[in-house]
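Here is a short report for someone meeting this structure for the opening time. Please look over the sequence and the model, then read on.

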Amino acid sequence: MTDLAELTEQLSYLKPDDIALVRAAFELSKSAHDGQMRQSGEPYITHPLAVASILAAWHLDAQALIAGLLHDVLEDTPVTKPDIAAKFGKQVAELVDGVSKLDKLAFQTEAHAQAENFRKMLLAMARDVRVILVKLADRLHNMRTLVAMREDKRLRIARETLDIYAPIANRLGLNKIYQELEDLSFQFLYPNRYQVLEKAVKTARGNRREVVAKVKEALTHKLADAGIDARVSGREKHLYSIYKKMQEKSLTFSEVFDIYGFRVIVKDVPTCYLTLGALHALYKPIPGKFKDYIAIPKANGYQSLHTTLFGPFATPIEIQIRSADMHKIAEAGVASHWLYKSGEPGVNEMHKKTHQWLQSLLEIQSESGDAAEFLEHIKVDLFPEEVYVFTPKGKIMALPRGATPVDFAYAVHTDVGNRCVAAKINHELAPLRSELRNGDQVEIITAAHGNPNPSWLNFVSTGKARSHIRHFLKTMQYEESAALGERLLNQALRALGVQHSDVGDAQWDKLLRENSGKTKREILADIGLGKRLNIVVARQLLALHDALPEERKLVAAGPITIRGSEGMAVQFAKCCRPIPGDPIIGFIKKGQGLVVHTHDCPHIAKARGDVDKLLDVEWDPGSRKMFDVAIKLVVANQRGVLAKIAATIAEAGSNIDNVAMEEEDGSIYASMLFTLQVENRAHLANVMRGLRKLPEVVRIARTKG
Ligand code: MN
C-alpha cells in the first residue's frame with residue numbers, strides 16, 4: 001500500500017465527511033513523517049498507511065483509522081497531542097496517546113518488566129478497545145515487514161509477539177490475525193523448524209489432495225441428500241498450531257493426522273445440529289471428540305460444533321459446523337462489532353461479554369498494585385482451558401481448569417463468595433479446595449456471618465476470587481486495627497490524665513497536618529498495627545514536648561481488655577497459646593499489631609527490655625469465645641484409642657483443631673499432640689480431667705512452646 005487512493009477505495013463504508021477527515025489525517029501524517037525512512041528503505045508513511053488499511057478491513061470507525069494514520073507522530077515528529085485534539089477531536093488524541101504509550105513499553109527479558117508491560121497493555125485496552133486494535137494492526141504490519149530488521153531486534157519482537165500480542169488477539173477472537181501473528185513469530189524465532197514443517201505440509205497437501213477432494217464431495221453429497229443447504233470447505237491448520245501439537249504430544253509430523261479439517265457453514269442453529277446428525281450417519285464419529293461450543297461458547301465468543309469422524313482410508317476427519325453468523329464472529333471476533341453493524345444478537349452478545357471482561361480487568365487492577373500479581377490473575381483469562389459446571393438451577397458456568405467451589409462461588413456473586421462456608425459437588429459435601437470437573441453440579445452453602453478465609457488464597461484459581469478475598473482481608477484487618485488502635489490510644493491518653501473526648505478537632509487537625517495528609521483512621525490503624533506507638537501519638541495530640549514521662553505511667557491507666565473477638569488485629573501467640581484465666585501480657589509487633597503471650601512465655605522474657613512495646617492486657621471476663629490450646633498425651637498404643645479420646649474431648653464441649661501423632665516402632669506407647677478449642681482454663685481443666693479417667697491415657701500435660 002503506497003498511496004491514499006488505495007485506502008480511499010476501502011472506505012466506502014464511511015460517510016463522506018469521515019472520509020475527508022481520514023484523508024486530512026493522511027496528509028498530516030505524510031508531511032510530519034516527511035523525509036523519514038523505514039528500515040526497508042521505503043518512505044515512513046507506507047507504515048501508517050498499511051496500519052490504516054488493516055483497520056479499514058475491519059470497518060473500524062474514522063477515529064480509529066485516523067489514530068492508525070497518526071499512531072507514530074507523537075513519538076517521531078514535532079506534532080503534539082493538543083495539535084491532534086484541535087484537528088481531530090479529543091478522542092482521537094487519546095487513542096493516539098494510548099497507542100504511543102504502549103509503543104514506549106520496552107520489552108525486557110526480566111519477568112517483572114514484562115508483566116508490567118502486559119498490564120499497561122491490557123489496561124489501555126480496557127479503557128478503549130480500539131487502542132489495542134490499532135496496536136495489533138501496527139504489530140501485524142511490523143511483523144509482516146520484520147525481515148528488514150537487525151537479527152537481535154527481530155528475535156525480541158517475534159518473542160514479544162508470540163508471548164503477548166498473539167494471546168491478546170486470540171482472547172479478542174481476532175482469529176485470522178492471531179494465526180498470522182503466531183506463524184510470523186514462529187518463522188522468525190525458529191526459521192529452520194518453520195521451513196521443515198512448511199515443506200512437510202506442502203508435501204502432505206500434494207499427497208492428500210485426492211483424499212481431501214473425495215471427502216469433500218462425500219460430505220457435500222450427503223448434506224444435499226438430507227436437504228441441507230450448506231457450504232463445505234477444506235481448511236488447513238496454521239503451522240504454529242501443528243508445531244505446538246507436535247511438541248505437546250511429542251508427535252512426529254507423520255503422526256499429526258489432522259492437518260486438514262473441513263468446515264460446514266449453514267443458515268442457522270437448528271441446521272447445525274441436523275448437519276451433525278447427517279454427517280455422523282455418513283462416517284462414524286470418534287468417541288470423546290465431539291464438542292458443543294454452540295451451547296457453551298468459548299470465552300472469546302467463538303461458537304461451532306466440533307466433531308471428528310473416522311474417514312475413508314483410515315484418516316480421522318475434523319469437522320467444524322457453524323451458522324453464517326457464528327462464522328463472522330469466529331473470523332473477526334471483537335472486530336465483528338464494527339464489521340457487521342447490523343446489530344445481530346450474536347455479535348452484540350460477544351461485544352457485551354468482551355466489555356465485561358475488560359471491566360473485570362480494571363477491577364482486578366485496582367485490587368492488586370503489583371504487576372506480576374496482575375499478570376498471574378489474568379493469565380487464566382488469556383490462556384483458557386475451561387471446565388463447565390452447573391448451578392443447582394442448571395445454569396452453566398465456565399471456569400478455568402483447576403477452579404474450586406470458592407472460584408465458583410465468586411463467579412456466581414461476590415457476596416456468595418464472601419459468605420461461603422461449605423460446598424456440595426453433585427449433592428455431596430466436598431472440601432472447598434476440591435478441583436471442579438466438567439459437568440459437576442455445584443451448590444454453595446453460605447452463612448450470614450461467613451467470612452473469606454486467608455487460606456483460600458492457596459487454592460483459588462480465578463483472578464476474581466483472589467482479588468475479592470485479598471480485598472476483604474485487607475479491609476477487615478484495617479478496620480480491626482483501627483478499632484484496636486483507638487483503644488490503645490485511649491489507654492495512653494488516660495495515662496496522661498486525659499479522656500479521648502477531651503481531645504478536640506483542632507488538636508487532631510494539627511496532628512494530621514504534621515503527618516502529611518493521613519486520615520484519623522489511618523493513624524489509628526497505624527497504632528493498631530504497631531507502626532506507631534500509642535504513647536507517642538498521645539503526646540503529639542496533647543502537644544507535650546518535654547521528655548518522656550516517668551517510667552510506665554501507663555500502668556496507672558489500667559490494662560486493655562482482650563475479648564478474643566478483635567479479629568486479625570489481635571493475635572494469640574502460637575508459642576504459648578494463652579487462654580482466658582492465664583496471666584497475659586501484650587506485645588506490639590511492628591506491622592502485625594498486638595500479640596498476646598502468657599506471662600511465663602520464654603519469648604516474652606526476651607522482650608522485657610522493650611518497655612514501649614509491652615502492653616498491660618487482661619482478659620475480658622465476659623468473653624465466650626473459643627481459644628486454641630495445645631495438650632500432649634502419652635497413651636497406650638491400642639486400636640481405637642484415638643476415637644475414644646476424640647469422643648471424650650467432644651463430650652467435654654471442646655473441639656479438636658488438629659492432632660499429630662508420634663509412634664515409636666515397637667513401643668506400646670504413643671504421643672499425641674492435640675490443638676483444642678476451649679473457652680478458658682476451667683474448661684481446659686474439665687477436658688483434661690475427663691481424659692485422665694481413660695485407662696489408656698498414661699500422661700497428660702498442657703504444652704507451651
Ligand atoms: Mn508503528
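## A tour of selected features

Strand S18 (residues 655-663) gives the nonpolar patch its largest share, three residues. The model shown here is predicted. The patch is made by Leu642, Ile656, Val659 and Met661 and covers about 290 Å² of surface. Val659 is found in strand S18. Val659 counts as partly exposed because its relative accessibility is 35%.

Next comes a strand in the interior. Is strand S14 (residues 593-598) largely enclosed or open? Six of its six residues are buried, so strand S14 is largely enclosed by the rest of the structure. Two strands pair with S14. Strand S12 (residues 570-572) runs parallel to S14, and three bridges join them. In this pairing, Phe572 stands opposite Val596 of S14. Strand S13 (residues 584-589) runs antiparallel to S14, with six bridges between them. Here Phe587 stands opposite Val595 of S14.

Now the cysteines. How many disulfides does a search of the whole structure find? The count is zero. Cys576 shows why: its closest cysteine sulfur, in Cys601, is 3.8 Å away, too far for a bond. The cut-off for a disulfide is 2.5 Å between the sulfur atoms. For Cys601, the closest cysteine sulfur is in Cys575, at 3.6 Å, which is also too far for a bond. Cys576 is buried, at 1% relative accessibility. Cys601 is buried too, with a relative accessible area of 3%.

Aromatic rings come next. The structure holds ten aromatic pairs. One of them joins Trp619 and Phe627 edge-to-face, with 5.3 Å from centre to centre and 75 degrees between the planes. Trp619 is buried at 11% relative accessibility. Phe627 is buried as well, with a relative accessible area of 3%. Elsewhere, ring pairs link Phe186, Tyr190, Tyr194, Tyr240 and Tyr243 into a cluster.

Charged side chains follow. Side chains of opposite charge can pair when their charged atoms come close. The count comes to 18 salt bridges. The table lists some of them.

| Side chains | N to O distance |
|---|---|
| Glu180 and Arg144 | 2.7 Å |
| Lys237 and Glu318 | 3.3 Å |
| Arg577 and Asp628 | 4.0 Å |

Take the salt bridge of Glu180 and Arg144, at 2.7 Å from N to O. This pair links distant parts of the chain: Glu180 is in helix H11 (residues 175-189) and Arg144 in helix H9 (residues 129-144), 36 residues apart. Glu180 is partly exposed at 28% relative accessibility. Arg144 is partly exposed, with a relative accessible area of 43%.

Turn to Lys237 and Glu318, whose side chains meet at 3.3 Å from N to O. Lys237 lies in the loop between strand S1 (231-236) and helix H13 (239-248), and Glu318 in strand S5 (residues 316-323), so the pair ties together parts that are 81 residues apart in sequence. Lys237 and Glu318 are buried.

Then there are Arg577 and Asp628, which meet in a salt bridge at 4.0 Å from N to O. Arg577 sits in the loop between S12 and S13, and Asp628 in strand S17 (residues 627-636), so the pair ties together parts that are 51 residues apart in sequence. Arg577 is buried, with a relative accessible area of 17%. Asp628 counts as partly exposed at 27% relative accessibility. Finally, salt bridges with shared partners join Asp61, Asp128 and Arg130 into one network.

Conventions:
Residues are numbered from 1 along each chain as its sequence is written. This is a predicted model: local features need pLDDT of at least 70, side-chain atom pairs count only at pLDDT 80 or more; totals for chains, interfaces and linings use all residues. Side-chain values use heavy atoms; hydrogens and water are left out. Buried means under 20% relative accessible area, exposed over 50%, partly exposed in between (1.4 Å probe, protein chains only). Helices (H or I, at least four residues) and strands (E, at least two) are DSSP runs, numbered from the N terminus. Two strands pair if DSSP finds at least two bridges between them. Rings of Phe, Tyr and Trp (its six-membered ring) pair if their centres lie within 6.5 Å; planes under 30 degrees apart count as stacked, over 60 as edge-to-face and the rest as tilted. Patches are made of residues with over 30% relative accessible area and no salt bridge: like charges are joined within 9 Å, nonpolar side chains (Val, Leu, Ile, Met, Phe, Trp, Tyr) within 5 Å. Accessible areas come from the Shrake-Rupley method with a 1.4 Å probe; for residues, only the protein chains shown count as cover.
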